[in-house]
Amino acid sequence: MYLEEKYIPQKVEVKWQKYWSEKDLYRTIQYPSKKKFYCLEMFPYPSGEIHMGHARNYAIGDVVARYKRMCGFNVLHPMGWDAFGLPAENAAIKHGVHPAEWTYRNINYMKAQLNRMGLSYDWKREITTCSPDYYKWNQWFFLKMLEKGLAYRKRSFVNWCPSCTTVLANEQVVDGKCWRCENLIEQKELEQWFLKITDYADDLLRGCDELKGWPERVIAMQKNWIGRSEGIEVDFRIDGLNEDIRIFTTRQDTLFGATFVCIAPVHPLTERLISDKMALEELKARYGKMGEKIGIFTGCYAINPLNGEKIPIYVANFVLMEYGTGAIMSVPAHDQRDFDFAQQYNLPVKVVIVPEQQLLLGRSNKDVVTEAYEGEGILMDSGQFSGLRSDIAKERIARFIEDKGIGKKVINFRFRDWGISRQRYWGTPIPIVYCKKCGMVPVPEKDLPVILPEDVRFTGKDGSPLNESEKFLSTACPLCGDMARRETDTMDTFVDSSWYFIRYCFKKGDIDLISEIRTPNSELKYWMPVDQYIGGVEHAVLHLLYSRFFFKFMRDIGLVDLNEPFQNLLTQGMVIKDGAKMSKSKGNVVDPNHLIEKYGADTLRLFSLFAAPPEKDLEWSDQGVEGAYRFLKRLWGIVYKNRNMLYVKDKEFLLSSSRITDQALRLLRKTHQTIKRVTTDIEREFHFNTAISALMELVNELASYEPYDEDGKAVLRFAIEKTLLLLSPFAPHIAEELWEAVGNKPSIFEQRWPEWDEDMAKEEKIELVIQVDGKLRSRVLIPHGISDEEVKEIALNDEKIKNFIGNKTTKKVIVVKGRLINIVVS
RNA sequence: GCCGGAGUGGCGGAAUUGGUAGACGCAAGGGACUUAAAAUCCCUCGGAACUUUGUUCCGUGCCGGUUCAAAUCCGGCCUCCGGCACCA
């Protein structure tokens with residue numbers, strides 16, 4: 001077989017990409033007798049370019065997919081396009097190109113880029129979410145949720161991005177800014193569609209404990225986001241009025257310390273209790289504004305149901321209507337916020353909890369309070385509950401309240417329902433029509449999909465182009481047949497990505513998804529769950545939470561019988577350059593295209609896998625890339641140099657009958673050790689960086705190896721073949737080329753992953769470390785399997801050791817088998 | 001403030017169960033080849049001291065502790081990164 005002297009990656013890579021695609025090497029087959037492995041990377045938004053973050057993400061996924069395939073799994077490794085979204089529409093407004101055209105053009109370009117990276121996707125399962133055969137099912141899920149009461153419409157204050165001219169869900173607001181364009185968010189009152197994700201709050205929270213293969217921090221972020229807290233609701237009677245204010249608290253043990261009540265400016269009772277409307281408007285303008293606490297006294301009093309005390313009612317800007325009941329009891333002694341407020345408005349502070357330790361020191365609750373004590377302790381001045389510990393008191397007081405019928409235990413969640421309406425064009429139409437007679441009517445299932453019309457005008461003015469498309473707008477009411485108007489809001493694109501991993505389980509194109517899923521031995525049952533999911537941590541509480549919600553919903557309507565969609569999750573770190581995340585604004589972007597042109601995809605892949613373990617941030621280094629390139633050139637050179645020597649018969653080498661030279665034996669041993677290291681490093685949470693460094697060590701040995709005889713050549717051949725097999729998931733093109741060059745038939749990816757021989761991987765002799773008093777003093781080579789006594793004797797007779805021990809007496813000797821001996825003398 | 005994670009040479013990072021700290025790579029310095037350069041190959045490369053080529057001492061953010069033995073375990077701090085944050 002001919003081999004070029006010089007490694008020209010571009011030539012090699014094009015050759016094999018063509019071969020793999022013609023042979024359809026990465027097709028998935030339904031083969032239930034074979035163990036499956038579903039390897040998934042988060043699909044990209046077709047923005048126009050693959051960036052380094054994608055390149056890293058997909059390189060990681062590709063190693064996993066190729067490795068698992070070689071290990072004998074039937075692997076599903078699909079790719080697709082998160083193709084709805086604002087940039088397409090903005091391009092339409094700016095450049096007059098239709099979003100569909102813009103999107104499909106980008107997809108074609110990016111697909112070519114992915115192929116140039118040599119990624120092993122089965123493109124027969126490609127998904128494009130803006131295609132009607134895909135988004136039809138978004139509409140189907142929406143209707144199902146509507147049917148189950150999980151989709152609803154409500155007028156409320158929502159996050160409005162003035163730059164995107166659309167609404168955002170809470171999860172999509174980061175530091176008060178839009179997650180996509182980073183513009184400041186405004187509050188706007190609108191009628192909106194919501195999905196009742198809060199119905200699944202407990203389920204999503206408890207499910208976190210099932211996520212054994214997820215990173216701790218992602219689970220923590222989800223738990224944090226859901227924000228469960230247990231407490232009680234209690235009614236406070238308004239003095240002189242036949243009306244209650246219901247408050248929520250998690251600290252019912254501090255009820256006796258309440259010295260005032262606060263309600264939200266938008267609380268239903270506020271208007272009735274406040275006479276100064278001007279002041280109220282002023283307060284509303286500062287509603288929820290961080291860092292300042294302001295309030296207005298209503299002139300009314302509430303009665304503490306536990307001790308009958310009359311306490312003033314305030315309207316306060318820091319009390320949120322969206323959480324709990326929109327009203328709180330304020331306990332300045334035990335809540336810093338209430339304390340600050342009390343100081344400002346000269347309200348009394350009443351201590352009712354004293355820490356246990358302080359009580360032991362004989363201190364009481366009469367000391368001057370300079371800040372709130374928010375911990376737990378012993379109750380004081382709390383009537384029949386005085387003297388109890390907080391945890392017990394909480395229980396008793398809750399029961400007392402419930403028995404009296406003036407409140408109940410409740411669990412509150414911090415997160416809100418998912419607002420999915422978007423006032424934009426390029427998204428899935430919400431399948432609803434409004435009829436004058438029948439009101440809001442869902443589009444019947446049989447009429448799906450509601451097609452997004454293509455012939456609309458993009459003016460860039462406020463409002464969706466759908467509002468001006470008469471053809472889209474006017475329709476017949478499904479119930480009475482009269483003229484009706486369609487809903488013009490489209491769905492949040494996170495709906496598209498909430499179930500796309502389901503769609504990959506079936507062939508692409510227009511299929512009857514739900515019937516396919518319901519087929520007794522459906523492909524879904526075979527492929528789900530996703531065995532390994534890989535993507536950026538930025539979706540920890542967005543896509544990953546929405547997907548879990550959708551999946552649980554699917555379970556509840558009988559489509560799947562699993563609780564969680566993603567068994568194992570790997571969140572890869574960011575790609576950093578000069579200490580900052582790569583971004584156009586910082587001007588530190590490295591373009592994968594240039595690297596492929598200069599060094600080839602194998603080098604790009606190898607470096608991004610070698611420079612850091614996948615979950616950590618990766619500091620980009622142009623010289624590091626050179627290093628990776630050097631390594632591949634080196635390997636190429638070794639194979640080239642030995643190309644004629646490699647045509648020898650395969651031989652089995654056994655340690656017992658070894659007749660080979662020491663040098664050959666060393667290489668043979670190193671090869672087995674490398675197989676072991678690379679395999680265990682991949683298995684051990686994908687530590688590709690150390691796997692690659694092991695391969696580098698082996699190649700370093702190969703470089704200086706000269707075979708002297710036929711056996712020596714056979715060992716060389718063995719070592720080179722294993723090197724190529726081990727390298728193939730990381731740098732597939734060069735591995736395939738050299739595999740062929742040493743006289744093998746392609747494809748290397750149809751080979752089995754190599755196995756190591758444990759005996760062969762063992763060093764012939766052990767390097768024994770000898771310590772005196774825990775300090776390294778000498779090393780000697782000893783054979784395997786000798787007893788502790790013999791080890792001790794060797795150590796004590798070592799010249800250096802004798803010097804250290806001198807005439808001191810040995811107090812203790814610790815022997816760690818096969819490693820170390822420590823002689824304690826002082 | 002609360003919840004995560006991290007801190008190791010000039011740099012990226014190794015050290016898998018508490019048992020040789022610094023694998024592998026980058027950068028740097030020296031040498032070989034060359035008219036020269038590039039490429040390639042070889043050597044050195046944590047710090048300090050010395051009786052200077054091989055030995056001692058120090059060294060994994062800081063201070064303590066446990067242990068024959070600690071980057072690793074425990075307690076207390078410091079710094080950085082990420083998430084949440086008037087959520088009652």
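The largest nonpolar core of this predicted model holds 191 residues, and Y38, F142, W418, Y500, F501, W620 and F730 touch the most other members. A nonpolar core here is a set of buried Ala, Val, Leu, Ile, Met, Phe, Trp, Tyr and Cys residues joined through side-chain atoms within 4.5 Å; buried means under 20% relative accessible area, exposed over 50%, and partly exposed in between, with a 1.4 Å probe and protein chains only. Take F501: leaving aside neighbours within four places in sequence, F501 is in contact (heavy atoms within 4.5 Å) with Y38, L40, M528, V530, S547, F551, P565 and F566. A second, separate core has 37 residues, among them I247, I274, L280 and L283. In soluble globular proteins, nonpolar side chains tend to be buried together.

Some bookkeeping on the model comes next. Local features need pLDDT of at least 70 and side-chain atom pairs pLDDT 80 or more, while totals for chains, interfaces and linings use all residues. Residues are numbered from 1 along each chain as its sequence is written, chains are lettered from A and ligands numbered from 1 in the order in which they are written, and side-chain values use heavy atoms, with hydrogens and water left out.

Zooming out, chain A has 28 helices and 34 strands, taken as DSSP runs numbered from the N terminus (helices H or I, at least four residues; strands E, at least two). Of its 826 residues, 55% count as buried. The C-alpha atoms fill a box of roughly 105 × 85 × 55 Å along the principal axes. Among contacts in chain A with a separation of 6 or more, 72% are between residues 24 or more positions apart. The accessible surface of chain A (Shrake-Rupley method, 1.4 Å probe) comes to about 37,400 Å², and carbon and sulfur atoms own 49% of that surface.

Now for the RNA. RNA strand B is surrounded by 51 residues, where near means that a heavy atom of the residue lies within 4 Å of the strand. T250, K289, E292, R337 and R779 are the closest. By class, this surface has 19 nonpolar, 13 polar and 19 charged residues; Ala, Val, Leu, Ile, Met, Phe, Trp, Tyr, Cys and Pro count as nonpolar, Asp, Glu, Lys and Arg as charged, and the others, Gly among them, as polar. Helix α23 (688-703) gives the most to the surface, with six residues. Other elements supplying at least two residues include α7 (216-226), α21 (622-641) and β33 (812-816).

An N or O atom in the side chain of R630 is 2.6 Å from a phosphate oxygen of RNA strand B. Bases are approached too: a polar side-chain atom of N822 lies 2.5 Å from a base oxygen, and a backbone N or O atom of F318 lies 3.3 Å from a base nitrogen.

Most residues other than glycine have a negative phi, and most peptide bonds are trans. A cis peptide bond, with omega about 0°, joins L448 and P449, and another joins M528 and P529. P529 sits in the loop between α17 (523-527) and β26 (532-536). Phi is near 55° for N346, in the loop between α10 (336-345) and β16 (353-354), and also near 55° for D773, in the loop between β31 and β32. N346 counts as exposed at 72% relative accessibility, whereas D773 is partly exposed at 34%.

Methods
A polar contact is a pair of N or O atoms within 3.5 Å; within protein, one must be able to donate a hydrogen and the other to accept it, and residues adjacent in sequence count only if both atoms are side-chain atoms.
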